[in-house]
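Dear colleague,

Please find below the structure that I am handing over to you. My notes on what was found in it follow directly after.

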Amino acid sequence: MSDWIQRFTSQEESALFNPAFLAAVIRKSAESFQTEADRGMPVSLAFLVVPATTSKQVRDSFPRIKTTSLLAWIESHERERLILQRNTPALASATRRALILGSQISLFELRGAEIHAKPARGIKSLSALSRGSSEVEEVLKAAERTGKTFARSGDARSIFSIWGVVPG
């Protein structure tokens, strides 16, 4: 059994926190952010995307419609905010590995303090990934919603503040 798998309690958990998968999640969120904001997603937001999309409870309750503000959502979802506050620092090293790997394998480019997604049509493995298990599809859809919501929610510092998470 590899060192990677031994860190987790199940194969599903090890697959969910695999750096390649998390890089694809970050890329999906950055792509949605770019479409909505016409600029790259701040790198710091990747550290919120990962815990927001990998927690089933958070992703199931995350806003699905454009009119729901991030502030209104977080104020009415205390339990999810606490999950995010706990999971964000715990998943920081996995997020860093995903950012490094994603840029190395050209899922996205890191330009200054922004993530710029590469076009999906040029990345064969992404189309196969989007036809994965239902949980994979849920995580990728949550990443898309998260990117769009972040693009409409102000700067990264404000988003961290709304979530009650200190950027590290």
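Arginine 59 counts as buried, at 1% relative accessibility; buried means under 20% relative accessible area, exposed over 50%, and partly exposed in between, using a 1.4 Å probe and protein chains only. Please note that this is a predicted model, in which local features need pLDDT of at least 70 and side-chain atom pairs count only at pLDDT 80 or more, while totals for chains, interfaces and linings use all residues. Residues are numbered from 1 along each chain as its sequence is written, and side-chain values use heavy atoms, with hydrogens and water left out.

The side chain of arginine 59 forms a salt bridge with that of glutamate 135, at 3.0 Å from N to O. A salt bridge is here a side-chain nitrogen of Lys or Arg within 4 Å of a carboxyl oxygen of Asp or Glu. Arginine 59 lies in helix H5 and glutamate 135 in helix H10, so this pair ties together parts that are 76 residues apart in sequence. Helices (H or I, at least four residues) and strands (E, at least two) are DSSP runs, numbered from the N terminus. Glutamate 135 is partly exposed, with a relative accessible area of 35%.

A second salt bridge joins glutamate 138 and lysine 56, at 3.6 Å from N to O. Because glutamate 138 belongs to helix H10 and lysine 56 to helix H5 (residues 56–61), the pair ties together parts 82 residues apart in sequence. Both residues are partly exposed: glutamate 138 has a relative accessible area of 31%, and lysine 56 has one of 46%.

Within helix H7 (residues 78–90), glutamate 78 and arginine 81 are three residues apart, which means a separation of about one helical turn. Their side chains meet in a salt bridge of 2.4 Å, N to O. Glutamate 78 is partly exposed, at 40% relative accessibility. Elsewhere, salt bridges with shared partners link Lys56, Arg59, Asp60, Glu135 and Glu138 into one network. In the whole structure, the search finds 11 salt bridges.

How far apart are the end C-alpha atoms of helix H10? They are 26 Å apart, which agrees with the 26 Å that its 18 residues (134–151) should span at 1.5 Å a residue; the expected span is 1.5 Å times one less than the number of residues. Among the buried residues of H10 are Val136, Leu140, Arg145 and Phe150.

Helix H4 (residues 46–54) packs with H10 at an angle of about 135°, and their axes are 9 Å apart. Axes are lines fitted to C-alpha atoms, for helices over the stretch in contact, and angles run from 0 to 180 degrees between N-to-C directions. H4 and H10 are therefore oblique to each other, given that angles under 35 degrees count as roughly parallel, over 145 as roughly antiparallel, 65 to 115 as roughly perpendicular and the rest as oblique.

Turning to the strands, S2 and S3 run antiparallel and are joined by four bridges; two strands pair if DSSP finds at least two bridges between them. Phenylalanine 108 has alanine 117 in S3 as its bridge partner. S2 and S3 form a hairpin with two residues between them, and glycine 112 in the turn has a positive phi of about 60°. Glycine 112 is exposed, with a relative accessible area of 77%. Strand S1 (residues 41–42) also pairs with S3 in the antiparallel sense, over two bridges.

Yours sincerely
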